[in-house]
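Thanks for sending this one over. Here are my notes, in the order I'd walk through them at the screen.

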Amino acid sequence: MKLQTQIPLTKAVNQIDYTSQLLLLGSCFVENIGDKLAYFKFQTIQNPFGILFNPIAIENLIVRAIHKKEYTEDDIFYFNERWQCYDAHSNLAASTKEELLCNLNNALVATLDQLSKASHVIITLGTAWVYQILETEQVVANCHKVPQKQFKKELLSIGTIQETLNKIIRLIKSVNSTTQFIFTVSPVRHIKDGFIENQLSKAHLTTAIHQVVKQENISYFPSYEIMMDELRDYRFYADDMVHPNSIAVNYIWEKFKNIWINDLVLGTINEIAIIQKGLAHRPFNSESEQHQKFLKKLADKIIRIQKVYPFMKF
């Protein structure tokens, strides 16, 4: 008896291993996958501008990075006792404008550097709903709790999303012609937009992505579909009933790993998992002889793996 429908998946080409250079951009779900990749010590840069929910916000970052268009005082504003930028998440906010500009421009440099050498660019789209500043019609990445009356809310059309994604692809290929793109739609439900509105948004994103994945070196990973079809139960959601919980994240990660991670590095992943668990261990008596032996064995494991992969830091 089958108690679950499963999405048919096949092994990807251009898989990820420990020589791969990864750039992850997009919604909060890309952070879930990114955290897994970072935990297992893959070479990643994740959301240099913080979480970006909509495709235009991602495009803005790529455009600025590739054209080396630095941020100036004209691009930032002071609100709630912090300097903010509409192009970035509030995580980059600062108490001084100099610090914020430094954060933003350093993030641009890091983005361009990783784009230029990335073997894989993973982009997760969260929503097709965007907010535009009424005065300038600028689409923002984050409203920073500025009163909503200063914005106009709009649903991006499928055509606009498709055009945006094609521009992102063209721009990245202009500095890195061989990178592998992996697009996915976030399984996080944006029900603050409304239940029907969330479904409409996800449909627009999915349709637009599938118009661009027909191109070479562009793939789709069905995060959203796995959550909706294979994990069709509220026990797989966090307390807010919106975000996938740790069980769901681990489940989707295993699916991603089976498709995109090269089987030849699975042994290394297991070794790193043992090291990470060892580093997280908290002994009853840190001075005991038994614990000192444990630390020595752990240090030896780290030295052995760093001889093969010197970039790994624990």
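This is a predicted model: local features need pLDDT of at least 70, side-chain atom pairs count only at pLDDT 80 or more; totals for chains, interfaces and linings use all residues.

1. Start with helix H5, residues 195-212. At 1.5 Å a residue, the 18 residues of H5 should span 26 Å, and the end C-alpha atoms sit 27 Å apart, which agrees.

2. Staying with H5, look at what is tucked away. The buried residues there are Asn198, Ser201, Lys202, His204, Leu205, Thr206, Ala208, Ile209 and Val212. As background, an α-helix has 3.6 residues a turn, so residues three or four places apart point the same way.

3. Now the sheet. It is open, made of five strands in the order S2-S1-S5-S8-S9, with parallel pairing. S2 (43-46) and S9 (218-220) are the edge strands; each has a single partner, so one side of each lacks a neighbour in the sheet. From one strand to the next, the twist averages 20°.

4. Which residue stands opposite Leu23 in S2? That would be Ile45. Strand S1, residues 21-26, pairs with S2 over four bridges, in the parallel sense.

5. Two helices to look at against that sheet. H3 (residues 97-117) lies across S1, S2 and S5 (120-125), and runs at about 125° to S1. H4 (residues 158-175) packs on the sheet too, where it touches S5, S8 (180-185) and S9. The direction of H4 makes about 155° with that of S8.

6. S6 (residues 129-133) and S7 (residues 151-155) run antiparallel and are joined by five bridges. Tyr131 has Lys153 in S7 as its bridge partner. S6 is mostly covered, with four of its five residues buried.

7. On to the packing. In soluble globular proteins, nonpolar side chains tend to be buried together. Here the largest nonpolar core has 50 residues, and Phe49, Ile62, Leu104 and Phe183 have the most contacts inside it. At least two residues of this core come from each of S1, H2 (55-66), H3, S5, H4, S8, H5 and S9.

8. Leaving out residues up to four places away in sequence, Leu104 touches Phe49, Tyr71, Ile76, Cys85, Ala88 and Leu92.

9. Last one: there is another core, apart from the largest one. This other core has 36 residues, including Ile261, Ala273, Ile302 and Met312.

Conventions:
Residues are numbered from 1 along each chain as its sequence is written. Side-chain values use heavy atoms; hydrogens and water are left out. Two strands pair if DSSP finds at least two bridges between them. Axes are lines fitted to C-alpha atoms, for helices over the stretch in contact, and angles run from 0 to 180 degrees between N-to-C directions. Contact means heavy atoms within 4.5 Å. Buried means under 20% relative accessible area, exposed over 50%, partly exposed in between (1.4 Å probe, protein chains only). The expected span of a helix is 1.5 Å times one less than its number of residues. A nonpolar core is a set of buried Ala, Val, Leu, Ile, Met, Phe, Trp, Tyr and Cys residues joined through side-chain atoms within 4.5 Å.
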